[in-house]
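Dear colleague,

Please find the structure below, handed over for your records. My findings follow it.

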Amino acid sequence: MLLQHATWPEVETYLKTSDGIVMPIGSTEQHGPIGLIGTDALTAEIVAKGVGEATGALVAPTISVGMAQHHLAFPGSITLRPTTLIAVIRDMIASLSRAGFRRFYFINGHGGNVATVTAAFSEIYADASLAPTGNQPGLRCKLRNWWQSPAIGALSKELYGNAEGSHATPSEISLTWHAYPEAVRSAPMDPPIAPTGDFTDASDYRGRFPDGRIGANSGLASREAGKRLYETAVADIAAEYRKFLAAGQT
Ligand code: NI
């Protein structure tokens with residue numbers, strides 16, 4: 001169930017049976033000529049909703065804006081500074097933990113969030129360790145990049161091989177098209193497989209990757225692939241969520 005579609009008595013009842021919650025987190029940033037700007041937030045949310053339906057987990061509101069400074073030379077992209085995103089995550093977890101939630105399972109749609117989310121977890125654990133009452137047990141946070149679950153990695157490789165790339169990938173675009181068929185569109189990909197490499201700030205990124213893609217041929221995306229990716233991701237990640245809840249239970 002979506003937290004936003006629940007009432008407070010329903011949440012109170014839920015907490016009697018589970019202290020876990022799924023936290024979708026993504027980004028609002030350019031995704032090449034045919035990928036939606038919301039791709040990373042939408043993919044995280046699509047998978048999180050599926051995991052919620054499969055496991056009965058509550059699903060928190062999606063953190064739709066992430067750490068995307070390197071995309072700001074493309075219109076429509078929005079970023080939070082790493083320190084801002086850390087503050088958002090800390091406050092959301094503090095709010096939910098006050099109510100009794102203890103296990104926070106983040107489903108992430110954006111590689112650029114990983115370092116910052118990991119730092120936020122370290123801040124949260126530090127808060128517990130440094131609290132005047134001593135070490136506070138029980139809070140556990142986990143980050144799962146949906147595209148890196150074992151089964152999804154294998155499926156993306158089977159579907160796209162080295163045309164998968166790392167930004168505006170055909171897999172992530174397919175997943176959005178599965179959930180939102182009206183989003184399907186096409187445009188020339190020149191070159192078909194985009195360049196790869198490192199980047200620093202937004203100007204540097206746009207200079208190296210002129211149409212926004214990195215290493216990907218977004219034009220291979222399809223709704224059919226999106227359906228397979230969705231079903232595989234939900235099955236794989238729902239199983240992992242159940243293990244996450246079981247781990248450490250006494
Ligand atoms: Ni993406």
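**Findings**

A168 sits in the loop between α5 (150-160) and α6, where helices (H or I, at least four residues) and strands (E, at least two) are DSSP runs numbered from the N terminus. Its phi is near 60°, a positive value in a residue other than glycine.

This is a predicted model, in which local features need pLDDT of at least 70 and side-chain atom pairs count only at pLDDT 80 or more, while totals for chains, interfaces and linings use all residues. Residues are numbered from 1 along each chain as its sequence is written, and side-chain values use heavy atoms, with hydrogens and water left out.

In the loop between α6 (170-179) and α7 lies P191. The peptide bond joining D190 and P191 is cis, with omega about -5°.

Four strands make up an open sheet with parallel pairing, in the order β2-β1-β3-β4; strands pair if DSSP finds at least two bridges between them. At the edges are β2 (58-59) and β4 (140-145), each pairing on one side only. Two parallel bridges link β1 (residues 20-25) with β2, and V22 has V59 in β2 as its bridge partner. Helix α2 (residues 39-55) packs on this sheet and touches β1, β2 and β3 (103-108), contact meaning heavy atoms within 4.5 Å. The direction of α2 makes about 160° with that of β1 (axes are lines fitted to C-alpha atoms, for helices over the stretch in contact; angles run from 0 to 180 degrees between N-to-C directions).

There are nine aromatic pairs (rings of Phe, Tyr and Trp, the last by its six-membered ring, with centres within 6.5 Å; planes under 30 degrees apart are stacked, over 60 edge-to-face, the rest tilted). One of them, F74 with Y205, is edge-to-face, at 6.0 Å centre to centre and 90° between the planes. Because F74 lies in the loop between β2 and α3 (82-99) and Y205 in helix α7 (residues 202-208), this pair ties together parts 131 residues apart in sequence.
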